[in-house]
Amino acid sequence: MNPCEDGPKRNVTGSLVKVLVHRRSERGMRLEPFASRCVRAGEVHELVATDHTETEEGARIDRVGFLGFAEITSAGVVDRGDRVWIGGRLVGVVLGFDACHTPNHYNVLIHAAPIPTGASLGLAPEEGLIFEQGSADTPGDDPFARVEENVEECPI
């Protein structure tokens, strides 16, 4: 969340439609240049955990754990720094997006360490998913927020 640009937003919700159980150490995903993506109700996107923290465009993401696919039930905006909840458990924080499978689906990259999989978390189809807005008010709550150097333009 960038407090100089972002106001409050509603949660984006969904439910798991398929659980994934594997890990890879040389996946080769690449971060998109976008810090946010709009998602529509009915879309299905892949949830991928990683311990990487890089947020630069094109950053290579190799160490991943696959969580599953989720159907979006409440459209909205998913932002870098959003907290990701599955089945009432905090899984991690949105790191960014990989578009290697678009237009079919996005890979939503979620920072979590150690790297979980759907199996290690005991996930099941139909569990609820929530992307909850990160807070710039709590130190450490949004580890990927970029600090603007020109604070005169942002009185917060």
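Start by selecting arginine 60 and glutamate 26, which form a salt bridge with their closest N and O atoms 3.8 Å apart. A salt bridge here is a side-chain nitrogen of Lys or Arg within 4 Å of a carboxyl oxygen of Asp or Glu. This pair links distant parts of the chain: arginine 60 sits in strand β6 (residues 60–61), and glutamate 26 in the loop between β2 (23–24) and β3 (29–30). Strands are DSSP runs of E, at least two residues long, numbered from the N terminus.

You are viewing a predicted model, where local features need pLDDT of at least 70 and side-chain atom pairs count only at pLDDT 80 or more, while totals for chains, interfaces and linings use all residues. Residues are numbered from 1 along each chain as its sequence is written, and side-chain values use heavy atoms, leaving out hydrogens and water.

Next, select lysine 9 and aspartate 79, a salt bridge with closest N and O atoms 2.8 Å apart. Lysine 9 comes before β1 and aspartate 79 is in strand β8 (residues 76–79), so the pair ties together parts 70 residues apart in sequence. Is aspartate 79 buried or exposed? Aspartate 79 is buried, at 12% relative accessible area (buried is under 20%, exposed over 50%, partly exposed in between, with a 1.4 Å probe and protein chains only).

Finally, select Leu47, Ile86 and Phe131, which touch the most other members of the largest nonpolar core, a set of 23 residues. Such a core joins buried Ala, Val, Leu, Ile, Met, Phe, Trp, Tyr and Cys residues through side-chain atoms within 4.5 Å.

Key:
Helices (H or I, at least four residues) and strands (E, at least two) are DSSP runs, numbered from the N terminus.
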